[in-house]
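Keep the structure open beside the text while reading.

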Amino acid sequence: MAKFYQQLDETLREFILAQHIFFHASAPLNGRVNLSPKGLDTLRIFSDTCIAWLDLVGSENETAAHIAENGRLTLMFCSFEKKPLIMRLYGTGKVVRPQDADWNDLHGHFPSFPGERQIILLHIESLMTSCGFGVPVFEYKGERTKLLDYAIKKGADGMLEYMRKKNQHSMDGLPTYLFEDPKV
């Protein structure tokens, strides 16, 4: 049975922090829906209505483009261990880039990783939990290091070149504003 909430509480916070993976989804007004998994120690809860993750360089940058266009963002957590539960957080996203004024304050809450691209904030407007009875049970074996190894091998200049080449537009051609202010 689904339950709806306006914000996180201590039990929901504990559930989020116990998960090794989360998924985020965004979509443009026209075009492809983006759904991506995230891991590593990149997630932080700032308040009962604000959660964020440190976004590392990837092959695309759909979330930033979609947030710039319409702001919509959803995060999903599901238990693969112990008691089944699925939680979806719905709200408005904000992208904070290294050149933004609030980067240093926010970045201080995260460990440093090679290949950091931006911080994605979700301002929670509502959330829903559901049973999760159909989610299989998996055993957590650890984090993969290939993304971090790749970023270390490319180095800071190589990652910057990669972002300039691959991360400035979505697959649907929307700008991500990775290197410029979207308000200009």
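Strands β7 and β8 pair in the antiparallel sense, with 11 bridges between them. The model is a predicted one.

**Strand β8 and its partners**

- Leu 54 has Ile 119 of β8 opposite it.
- Strand β1, which covers residues 3-5, pairs with β8 over 3 bridges, again in the antiparallel sense.
- Tyr 5 has Leu 127 in β8 as its bridge partner.
- Of the 15 residues of β8, 12 are buried, so the strand is largely enclosed by the rest of the structure.
- In a regular strand, side chains alternate between the two faces of the sheet.

**Aromatic rings**

- A pair of aromatic rings is described by the distance of the centres and the angle of the planes.
- The whole structure contains 5 aromatic pairs.
- One of them joins Phe 46 and Phe 110 edge-to-face, with 6.3 Å centre to centre and 80° between the planes.
- The angle of 80° counts as edge-to-face because it is over 60 degrees.
- This pair links distant parts of the chain: Phe 46 belongs to strand β4 (residues 43-47), while Phe 110 is in the loop between α3 (103-107) and β8 (116-130), 64 residues apart.
- Phe 46 is partly exposed, at a relative accessible area of 26%.
- Phe 110 has 7% relative accessibility and counts as buried, because buried means under 20%.
- Phe 22, Trp 53 and Phe 77 make up one aromatic cluster.
- A charged side chain also meets a ring: Arg 164 lies over the face of Phe 179, 4.2 Å from the ring centre.

**The second largest pocket**

- Rolling a probe the size of a water molecule over the atoms shows where empty space is left.
- The second largest pocket holds about 230 Å³ of space.
- Its lining has 13 residues, and those nearest the centre are Val 95, Arg 97, Asp 100, Pro 182 and Lys 183.
- Helix α2 (62-70) and strand β7 (86-96) each supply at least two residues of this lining.
- Which classes of residue make up the lining of the second largest pocket? There are 6 nonpolar and 7 charged residues, and no polar ones.

Technical notes:
Residues are numbered from 1 along each chain as its sequence is written. This is a predicted model: local features need pLDDT of at least 70, side-chain atom pairs count only at pLDDT 80 or more; totals for chains, interfaces and linings use all residues. Side-chain values use heavy atoms; hydrogens and water are left out. Rings of Phe, Tyr and Trp (its six-membered ring) pair if their centres lie within 6.5 Å; planes under 30 degrees apart count as stacked, over 60 as edge-to-face and the rest as tilted. Helices (H or I, at least four residues) and strands (E, at least two) are DSSP runs, numbered from the N terminus. Buried means under 20% relative accessible area, exposed over 50%, partly exposed in between (1.4 Å probe, protein chains only). A charge sits over a ring if NZ of Lys or CZ of Arg is within 6 Å of the ring centre and within 35 degrees of the ring normal. On a 1 Å grid over the protein atoms alone, a cavity is a set of points where a 1.4 Å probe fits but cannot get out, and a pocket is an open set with protein on both sides within 12 Å along at least five of seven lines; lining residues have an atom within 4 Å of a point. Grid points are joined across faces, edges and corners, and a volume is the space filled by probe spheres set on the points. Ala, Val, Leu, Ile, Met, Phe, Trp, Tyr, Cys and Pro count as nonpolar, Asp, Glu, Lys and Arg as charged, and the others, Gly among them, as polar. Two strands pair if DSSP finds at least two bridges between them.
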